[in-house]
Amino acid sequence: MRGTVWSRSLPMESCEYYTANGEIGIVTGLKDGCHFIQFSTQDGYIYNFHNGPLEESPIELAYALTVHKAQGSGFKATIFVLMEPDRGISHLVTREMLYTALTRQSEKVFIIYNKEPSEIRKYSDVELSDLAHRKTNLFGKAILRQVKDGWYDSKHIFITEDGTKVLSKSEVIVYNMLYNAGLDPIYERELRLGDITVHPDFTIETTSRDVYWEHLGMLGDYGYRKDWERKQRTYAAHGITVENGNLVLSQDELNGSIDSTKIKMLIEKLQ
């Protein structure tokens, strides 16, 4: 929507008679030289706009929106299109932009991607985080950390004792405890289970089999808990369970704290 204009609406009662610049709507019909449009901010009201020369029209037809344009909007279903070069990554995509793209929907999101589905996960790496590069200590001195050729605000990047990058402070603690116990954890290594690819937080190779360790950091969040329950069912369908001894579970408390003594007990049991 371009410009601040309104036209006759149906129904007229209680209508705001106002459409702001940038509002997104759906063309619900064409009749007598008019576009009939329903805007997401005024559900139930249809505005009509007379067709005319494009340069004079207050509306722009959008067959697709950029992720930046869709920021702040919500839809029942979205289709996210990501095309990458044959080699490497798209330098226009950051971890934060991908999060925005995949959270505009309330029911379903469809992803059109020109590579293997599991490859999209690389954008979760902290090196591709726009936020991690920002210096956000507004009232104090920023402590910078160099990783490869980039500099990061230390508040947004977590490095283990052996230099592995992980996504949370709790994962740093668990990783370091496993590492110091001589278990040599492998962080988020791809695991193919039938048609599904998962990434256990830590994979521990033993002489007899691999053991998978999941640290559950946000069980108080409904969406996170549901995602974990789906992942747990996938594990169980392939014989990976706590009862079978090839799955270890640890977790943060609901207040966000972590009890390292419980982690130590799990490690001793594993050893």
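Me: How many helices and strands does the secondary structure of the protein come to?
Reply: There are 6 helices and 16 strands. Both kinds are DSSP runs numbered from the N terminus: a helix is H or I over at least four residues, a strand is E over at least two. This is a predicted model, in which local features need pLDDT of at least 70 and side-chain atom pairs count only at pLDDT 80 or more, while totals for chains, interfaces and linings use all residues. Residues are numbered from 1 along each chain as its sequence is written, and side-chain values use heavy atoms, with hydrogens and water left out.

Me: What pLDDT does the protein average?
Reply: The average is 81, and 80% of the residues score at least 70. The score is the predictor's confidence in each residue, on a scale from 0 to 100. Over residues 1-7 the pLDDT is below 50, although this stretch has 30 contacts in the model beyond near neighbours in sequence. A contact means heavy atoms within 4.5 Å.

Me: What share of the contacts with a separation of 6 or more joins residues 24 or more positions apart?
Reply: Such pairs account for 48% of those contacts in the protein.

Me: Why does threonine 234 count as buried?
Reply: Its relative accessibility is 14%, and buried means under 20% relative accessible area, exposed over 50%, partly exposed in between, with a 1.4 Å probe and protein chains only. The value lies under the cut-off, therefore threonine 234 is buried. Threonine 234 lies in helix H5 and touches Leu193 and Ile196, leaving aside residues up to four places away in sequence. Of the 271 residues of the protein, 32% count as buried.

Me: What makes alanine 64 exposed?
Reply: Alanine 64 has a relative accessibility of 66%, so it counts as exposed. Its place is the loop between strand S4 (46-50) and H1. Alanine 64 and phenylalanine 80 are 16 residues apart in sequence, and their C-alpha atoms are 9.7 Å apart in space.

Me: Why is histidine 91 called exposed?
Reply: Its relative accessible area is 73%, so the label applies. Histidine 91 is in the loop between S5 and H2. From histidine 91 to leucine 128 there are 37 residues in sequence and 8.6 Å in space, C-alpha to C-alpha.

Me: What makes the span of H4 agree with its number of residues?
Reply: The expected span is 1.5 Å times one less than the number of residues. For the 12 residues of H4 that should be 16 Å, and the end C-alpha atoms are 17 Å apart, which agrees. Among the residues of H4 that are buried are Ser170, Val174 and Leu178. An α-helix has 3.6 residues a turn, so residues three or four places apart point the same way.

Me: Which residue with a positive phi follows H4?
Reply: Glycine 182 follows H4, with a phi near 80°. Aspartate 184, in the loop between H4 and strand S11 (186-187), has a positive phi of about 50° although it is not a glycine. Glutamate 188 also has a positive phi of about 50° without being a glycine; this residue lies in the loop between S11 and strand S12 (191-193).

Me: Is glutamate 188 buried or exposed, and why?
Reply: Glutamate 188 counts as buried because its relative accessibility is 18%.

Me: What volume does the largest pocket have, and what makes it a pocket?
Reply: The volume is about 2300 Å³, the space filled by probe spheres set on grid points joined across faces, edges and corners. On a 1 Å grid over the protein atoms alone, a pocket is an open set with protein on both sides within 12 Å along at least five of seven lines; in a cavity a 1.4 Å probe fits but cannot get out, and lining residues have an atom within 4 Å of a point. The largest pocket has 46 lining residues, of which Leu102, Arg121, Ser124, Tyr224 and Asp227 lie nearest its centre. The largest share of this lining, 7 residues, comes from H5.

Me: Which residues does the lining of the largest pocket divide into?
Reply: It divides into 20 nonpolar, 13 polar and 13 charged. Nonpolar covers Ala, Val, Leu, Ile, Met, Phe, Trp, Tyr, Cys and Pro; charged covers Asp, Glu, Lys and Arg; the others, Gly among them, are polar.

Me: What lines the second largest pocket?
Reply: This pocket, with a volume of about 1300 Å³, is lined by 40 residues, and Ile24, Ala62, Ala64, Leu65 and Phe75 lie nearest its centre. S5 gives the most to the lining, 7 residues. The lining residues divide into 25 nonpolar, 10 polar and 5 charged.
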